[in-house]
Structures are given as C-alpha cells and as structure tokens.
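Colleague: I would like to go through this model and ask what stands behind each label. Please give the value and the cut-off each time.

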Amino acid sequence: GDIIEHFNITSVHTKQWYQRRVRGVYQEIKENKKKPAFKLRLGTFFIGVAAAAILGLTGAFGLWADHSMYNVVAIVIDIGLYLAYYVINKIYVRREIVERNTVITLVSATMFWATAFMLFLFTKSTDTSLSPAESRALNSACIFGKLDSHDLWHSLSSVAMFLTEILLLNMEDDQISVKTADLYF
C-alpha cells in the first residue's frame with residue numbers, strides 16, 4: 001500500500017511540475033516572442049531537439065555500429081550548436097562589432113572543423129569493436145609521407161580546436177574595459 005500511495009503522490013507532483021513548466025514556457029513565449037534574443041534561444045532549442053531526436057533515432061535503429069563514434073558525433077553537434085548560438089547572439093542580438101581577424105578566424109575554424117569532421121565520419125581507418133590486429137588492417141595508405149587519414153583527422157581537429165579558442169578570445173577582446181558588474185551573462 002505504501003509503495004502505491006508514494007507512486008500516486010509522486011506522479012501527481014510530477015504532473016503538476018510539468019503543467020507548471022508548460023504554462024511557464026507558454027507564458028514566456030507569449031511575453032517575449034518579438035525579442036531577438038528569445039527568438040534565437042527558441043530557434044536554437046528546436047534545432048537542438050531535432051538534432052538530438054535524429055541522433056537518438058539513428059542510434060535506436062542501430063545505424064551506429066561504433067558506440068564511441070556515436071558519442072563523439074553527439075558531443076560535436078552539441079558544441080557546434082552552442083558555438084553557433086554564442087556567435088549569432090554576439091553579432092545578431094547584441095549587435096557587437098566583429099573585427100576582420102575574428103571573421104577570418106571563424107571562417108578558418110569552420111573550414112578545419114568541417115574537413116576534420118568529414119575525415120572522421122567518412123574514412124574508416126579504425127574500429128574499436130575489432131582486435132588491434134584486425135583494426136590495423138583498416139589503416140589506409142599514407143597521404144603526407146607518414147600520415148594516414150586518421151592521423152590527418154587528429155591534426156586537423158587539433159588545429160580547429162586551437163582556432164576555436166582563438167575565436168572565443170577574439171570575440172571577447174572588446175570586453176576588457178567593461179566592469180564585471182556590467183557584463184552580459
């Protein structure tokens with residue numbers, strides 16, 4: 001009897017919590033739908049939900065043979081969405097002036113990320129489900145002397161990570177004279 005009563009109380013509280021959340025989201029949409037920051041947050045949220053649903057469905061139907069690759073793709077999509085949200089928020093919503101070196105860094109980082117991601121997804125040079133000897137048989141021919149596609153992926157993604165950090169530093173250069181209390185969080 002106690003377990004069933006606890007379950008009923010818990011489910012009632014959970015239902016009320018969800019109803020309050022739905023009402024709160026609806027109220028926020030109603031009050032803020034014309035504000036650019038809200039539109040950006042809402043758009044990013046729906047893109048994130050769609051990406052998570054697609055990734056979840058492909059995982060549920062077994063389209064990812066390698067679980068570690070599935071995790072890496074999920075993390076990269078999440079980081080990419082956050083970075084896109086951050087850049088768009090700085091430029092579109094807050095109307096900050098972006099300097100030329102920041103744009104060059106953004107384009108360069110995007111190109112390196114895209115190339116590294118394509119190498120990661122479309123060249124099959126490792127398989128964690130195989131034994132080391134079997135996985136070694138997947139190694140491709142060297143491209144630049146001693147680098148195969150997997151080594152090239154590591155090199156390109158490390159340059160992309162470095163450029164992304166430089167991008168974030170460049171985007172915050174104008175904040176050096178702003179007092180901490182006045183920063184937008």
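This is a predicted model: local features need pLDDT of at least 70, side-chain atom pairs count only at pLDDT 80 or more; totals for chains, interfaces and linings use all residues.

Colleague: What makes Phe45, Phe46 and Val49 a nonpolar patch?

Modeller: A patch takes residues with over 30% relative accessible area and no salt bridge, and nonpolar side chains are joined within 5 Å. Phe45, Phe46 and Val49 form such a patch on the surface, and together they have about 310 Å² of accessible area.

Colleague: How many helices and strands does the chain have?

Modeller: The chain has 6 helices and 0 strands. Along the sequence the pattern reads α-α-α-α-α-α.

Colleague: Why is Asn170 called buried?

Modeller: Buried means under 20% relative accessible area. Asn170 has 18%, so the residue counts as buried. Asn170 belongs to helix H6, residues 149-171.

Colleague: Which residues are in contact with Asn170, leaving aside its neighbours within four places in sequence?

Modeller: Asn170 is in contact with Asn101, Thr102 and Thr105, once neighbours within four places in sequence are left aside.

Colleague: What makes the pair Asn170 and Thr105 a polar contact?

Modeller: The cut-off for a pair of N or O atoms is within 3.5 Å, and one atom must be able to donate a hydrogen and the other to accept it. The side chains of Asn170 and Thr105 are joined at 3.5 Å, so the pair meets the distance limit.

Colleague: Why is Thr102 called buried?

Modeller: The relative accessible area of Thr102 is 6%, and the limit is under 20%, so Thr102 is buried. Thr102 is part of helix H4. Not counting residues up to four places away in sequence, Thr102 touches Leu167, Asn170 and Met171.

Colleague: Is Ile104 buried, exposed or partly exposed, and on what value?

Modeller: Partly exposed is the range between buried, under 20%, and exposed, over 50%. Ile104 has 48% relative accessibility and therefore counts as partly exposed. Ile104 is also in helix H4.

Colleague: What makes the set with Leu55 and Trp153 a nonpolar core?

Modeller: A nonpolar core is a set of buried nonpolar residues joined through side-chain atoms within 4.5 Å. The largest one here has 9 residues: Leu55, Met69, Val73, Ala116, Leu119, Phe120, Leu152, Trp153 and Leu156. H3, helix H4 (100-122) and H6 each give two or more residues to this core. A second, separate core has 5 residues, including Leu83, Val87, Leu167 and Met171. In soluble globular proteins, nonpolar side chains tend to be buried together.

Colleague: Which residues does Val73 contact, leaving aside its neighbours within four places in sequence?

Modeller: With those neighbours left aside, Val73 is in contact with Leu55, Trp64, Phe117, Phe120 and Leu121.

Colleague: What makes Val72 and Ala84 partly exposed?

Modeller: Val72 has 31% relative accessibility and so counts as partly exposed. Ala84 has 34%, so Ala84 also counts as partly exposed. Both values fall between the limits of 20% and 50%. Val72 lies in helix H3, and Ala84 is found in helix H3 too. Val72 and Phe120 are 48 residues apart in sequence and 9.7 Å apart in space, C-alpha to C-alpha. For Ala84 and Thr44 the values are 40 residues and 8.8 Å, again C-alpha to C-alpha.

Colleague: Why is Asp66 called buried, and where is Asp66 placed?

Modeller: At 13% relative accessible area, Asp66 is under the limit of 20% and is therefore buried. Asp66 is in the loop between H2 and helix H3 (67-93). The C-alpha atoms of Asp66 and Ser129 are 7.0 Å apart, with a separation of 63 residues in sequence.

Colleague: How much of the chain counts as buried?

Modeller: Of its 185 residues, 19% count as buried. The chain exposes about 13800 Å², and carbon and sulfur atoms supply 67% of that area. Among contacts between residues at least 6 apart in sequence, 67% join residues at least 24 apart.

Definitions and conventions: Residues are numbered from 1 along each chain as its sequence is written. Side-chain values use heavy atoms; hydrogens and water are left out. Patches are made of residues with over 30% relative accessible area and no salt bridge: like charges are joined within 9 Å, nonpolar side chains (Val, Leu, Ile, Met, Phe, Trp, Tyr) within 5 Å. Accessible areas come from the Shrake-Rupley method with a 1.4 Å probe; for residues, only the protein chains shown count as cover. A salt bridge is a side-chain nitrogen of Lys or Arg within 4 Å of a carboxyl oxygen of Asp or Glu. Helices (H or I, at least four residues) and strands (E, at least two) are DSSP runs, numbered from the N terminus. Buried means under 20% relative accessible area, exposed over 50%, partly exposed in between (1.4 Å probe, protein chains only). Contact means heavy atoms within 4.5 Å.
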